[in-house]
Amino acid sequence: MNSILQNLSKIANLPRHLISDGYDEALDVIANIASEKGLTFKLHSYPSGYDCGTWIIPEKWTLIRAQVKDAMGNIIIDSDNDPLACMSYSCPFDGVVTNDELKKHLYTCSYQPEATPFIFKYYKRDWGLCVPQSLKDGLKDEHYHVSIQTVFSEGYLKVGEIIVEGEVSESFVVASHLCHPYMVNDGPIGTFPTMDILQRLKADGAYYTYRQLIVPENIGSAAWLSSNQNLIPKLRGGLFVEMIGTDLPLRLHRSFRGNTFLDKMFEKVVLEHSETAVIDDFVYANDERQFNGPGVDIPMLGLNRSWMSRNQTESSAFSHYHTNFDTIDNIHQDNFFEAIKILEHLIFSFERYAVKPKPLFIGEPFLHRFNAHIDCFDSVDDKQLLEKLSKSNLVMDILFKCGHGLTIFEIGNDLNESPDTIKSVVNRFVRLGLLSLLPI
């Protein structure tokens with residue numbers, strides 16, 4: 001667990017604006033760590049102006065320095081001291097402005113008045129600065145000198161993809177975004193735990209193919225989907241992971257359809273492993289929008305610790321949301337590590353239980369022929385399980401259910417048995433050549 005925090009610290013303090021050198025540096029760090037873990041990393045690059053559906057890739061943005069000086073020449077705002085002081089994608093500006101004009105371009109945070117907010121305007125050209133409320137309230141001079149040195153240039157929006165090839169090409173997607181500069185909960189906090197889980201899946205030999213996407217929020221997923229439309233028919237579900245280290249209860253947001261197999265399975269897994277978790281409806285929050293949207297329609301759920309809800313009244317997702325208080329020091333470590341364990345349960349549940357056993361026989365199987373009659377079920381290590389199987393019709397119920405196109409998870413629900421029990425029986429008959437496994 002400490003290694004996850006150590007890796008996160010390597011990118012936490014980088015200026016990871018949408019298209020920027022800081023973002024590229026963070027992605028390079030992730031690529032190197034993926035390589036160290038033996039994972040396949042693929043880089044996707046999309047030039048400024050690239051049309052990906054209805055979205056257009058913006059330009060690269062570089063901040064040199066932003067300052068404001070009072071009438072005496074004292075520097076009162078300086079991006080060198082407060083990296084979020086300049087609005088992301090602010091236009092350059094240099095000139096003397098009135099007090100009123102300056103305040104029109106100053107952004108503060110209503111729910112964290114002493115914080116510097118993160119404000120971005122990727123498509124609307126304007127200049128802007130971000131400050132604590134007390135600084136804005138303290139401006140008394142009639143005029144101020146504003147100097148914002150920024151550069152717009154042609155660049156490349158970059159998406160990192162970590163791939164674990166499975167027995168089948170049908171894929172599960174886990175996504176998180178990287179593009180909020182200096183922030184950790186709202187953004188990259190899910191990246192390194194997911195990498196560790198994929199490393200274990202690869203070591204075990206995965207059945208499904210897994211794709212971890214590290215994207216600039218929303219626009220990155222739009223670009224990846226538009227350039228990989230051939231993969232869409234093979235995508236079977238996804239999970240967007242963010243904000244899992246806050247002080248709030250764990251929250252699972254359903255897919256847009258809300259009643260898919262994946263929704264039902266993930267809801268049950270989360271509630272089994274967290275007494276305080278909240279199950280909520282789909283929200284138009286992050287990259288789930290792209291995957292659940294028309295033409296894609298892949299059930300991607302969201303895992304976070306936030307206030308976000310479909311009928312949200314709060315102006316923030318958590319107390320430090322989009323501010324310079326969202327740092328690695330403000331991660332609630334117990335909550336973070338609990339969320340990692342649940343994330344692992346979710347992904348491994350998909351791997352183990354989101355498969356459909358298919359009979360390779362017709363009618364009732366003659367189990368004596370395969371030395372697989374209940375009395376000979378001595379390969380089961382668990383004596384209590386053996387007793388349960390021997391004293392009931394459970395084995396035959398499982399085999400008969402396999403002929404109805406149900407997943408292991410659904411068979412367990414129907415028979416009121418744990419999916420592990422169903423998996424144990426199914427695996428035995430797969431080894432005997434009586435069942436095969438199909439993807440959902």
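Predicted model: local features only at pLDDT ≥ 70, side-chain atom pairs only at ≥ 80, totals over all residues.
Let's start with strand 4, residues 60-69, and strand 5, residues 75-78. These two strands run antiparallel and pair over 3 bridges. If you want a spot to look at, pick Val68, whose bridge partner in strand 5 is Ile77.

Now for the charges. Side chains of opposite charge can pair when their charged atoms come close. The structure holds 17 salt bridges, and one of them involves Lys60 and Asp21, with the closest N and O atoms 2.7 Å apart. Lys60 lies in strand 4 and Asp21 in helix 2 (residues 21-36), so this pair ties together parts that are 39 residues apart in sequence. Asp21 has a relative accessibility of 48%, so it counts as partly exposed.

Next up is Asp196, which forms a salt bridge with Lys37, closest N and O atoms 2.6 Å apart. Asp196 sits in helix 5 (residues 191-204) and Lys37 in the loop between helix 2 and strand 1, 159 residues apart. Asp196 counts as buried because its relative accessibility is 14%, under the 20% cut-off.

Arg257 and Asp297 also meet in a salt bridge, at 3.4 Å from N to O. Arg257 is in the loop between strand 14 and helix 7, Asp297 in the loop between helix 8 and strand 16, and 40 residues separate them. Arg257 is partly exposed at 46%, and Asp297 is partly exposed at 40%.

Last, have a look at Arg65, Asp78 and Asp80, which are linked in a salt-bridge network.

Note on methods: Residues numbered from 1 in each chain as written. Heavy atoms only, no water. Pairing = 2+ DSSP bridges. Helix = DSSP H or I, 4+ residues; strand = E, 2+ residues; numbered from the N terminus. Salt bridge = Lys/Arg side-chain N within 4 Å of Asp/Glu carboxyl O. Buried < 20%, exposed > 50% of the residue type's maximum accessible area, 1.4 Å probe, protein only.
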